[in-house]
Amino acid sequence: MATVILLRHGRSTANGSGVLAGRTPKVGLDETGRDQAGALCRRLAGVPLAEVVSSPLLRCKQTVAPLLAERGLTRTVDPRLSEVDYGEWTGRELKTLVKEPLWRVVQAHPSAAVFPGGEGLAGMQARAVTAIREHDARITAEYGEEAVWLICSHGDVLKAILADALGQHLDSFQRIVVDPASVSVVRYTETRPFVVRMNDHGGDFAGIVPEKPKRGRKKGSSDAEIGGSTGQRDRV
């Protein structure tokens, strides 16, 4: 299967305000976020991208805009990759939300958390993972197993996708950290995903691009390296 880059949007005007932005319209990148979006072109310079799929929210659109302009690509918008619908929590200050009984549920038992007037975290994970796997299968069929593609989404959404790829229950997803403008990488195979990178802020991603398998090597193998990866890029 193809390789997917999971990009969280750059820092937004809400990230430093102490407010849960959720799906509030017109929340864009702040100055740091705009710098992060520009730097993405350099960070991914060695990575050919087949497609870019994005949440419909403005901060994601702004994050991938410089990359799309440089590569001559257009983004595919998928609402299933949108931010969590926090319902009545949207726009409220975090310092008041921590006093809500639901806050402890979100922290300790997120699979049971349903936001008033919004959605549950379990439902969010189901929609996001379904979207990722559908796009990955489609892109693999169109571009081949060596293809690399990118999604731009939101912190809790990406944490839920990574929890699924790691085989973790959603109740453990709060252990995962996904910072603004960070990159994680997952390669799906027939029986298991391989999590290649997580919460990476570096600039050398050329090593995530799969090479075509050598003659006689099985394509798209689900087998893990016994004893650990040798670091060779043609493993799959």
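This is a predicted model: local features need pLDDT of at least 70, side-chain atom pairs count only at pLDDT 80 or more; totals for chains, interfaces and linings use all residues.
Trainee: Okay, how much space lies in the largest pocket?
Mentor: The largest pocket holds about 660 Å³.
Trainee: And which residues are closest to its centre?
Mentor: Those are Arg-8, Leu-20, Tyr-86, Leu-94 and Asp-156, out of 29 residues in the lining. The elements giving two or more residues to that lining are α3 (94–97), α4 (101–108) and α6 (155–166).
Trainee: What does the lining look like by class?
Mentor: There are 15 nonpolar residues in it, along with eight polar and six charged ones.
Trainee: You mentioned α6. At what angle do α5 and α6 pack?
Mentor: Helix α5 (residues 121–143) meets α6 at about 70°, and their axes are 9 Å apart. Angles of 65 to 115 degrees count as roughly perpendicular, so that is the word for this pair.
Trainee: Which residues make the contact?
Mentor: On the α5 side they include Met-124, Ala-128 and Ile-132, and on the α6 side Asp-156, Val-157 and Ala-160 are among them. By class, the contact residues are eight nonpolar, one polar and three charged.
Trainee: Switching to strands, in which sense do β5 and β6 pair?
Mentor: Antiparallel: β5 (residues 183–188) and β6 (residues 193–200) pair over five bridges.
Trainee: What's the bridge partner of Val-186?
Mentor: Val-195, in β6.

Terms used
Residues are numbered from 1 along each chain as its sequence is written. Side-chain values use heavy atoms; hydrogens and water are left out. Two strands pair if DSSP finds at least two bridges between them. Helices (H or I, at least four residues) and strands (E, at least two) are DSSP runs, numbered from the N terminus. On a 1 Å grid over the protein atoms alone, a cavity is a set of points where a 1.4 Å probe fits but cannot get out, and a pocket is an open set with protein on both sides within 12 Å along at least five of seven lines; lining residues have an atom within 4 Å of a point. Grid points are joined across faces, edges and corners, and a volume is the space filled by probe spheres set on the points. Ala, Val, Leu, Ile, Met, Phe, Trp, Tyr, Cys and Pro count as nonpolar, Asp, Glu, Lys and Arg as charged, and the others, Gly among them, as polar. Axes are lines fitted to C-alpha atoms, for helices over the stretch in contact, and angles run from 0 to 180 degrees between N-to-C directions. Angles under 35 degrees count as roughly parallel, over 145 as roughly antiparallel, 65 to 115 as roughly perpendicular and the rest as oblique. Contact means heavy atoms within 4.5 Å.
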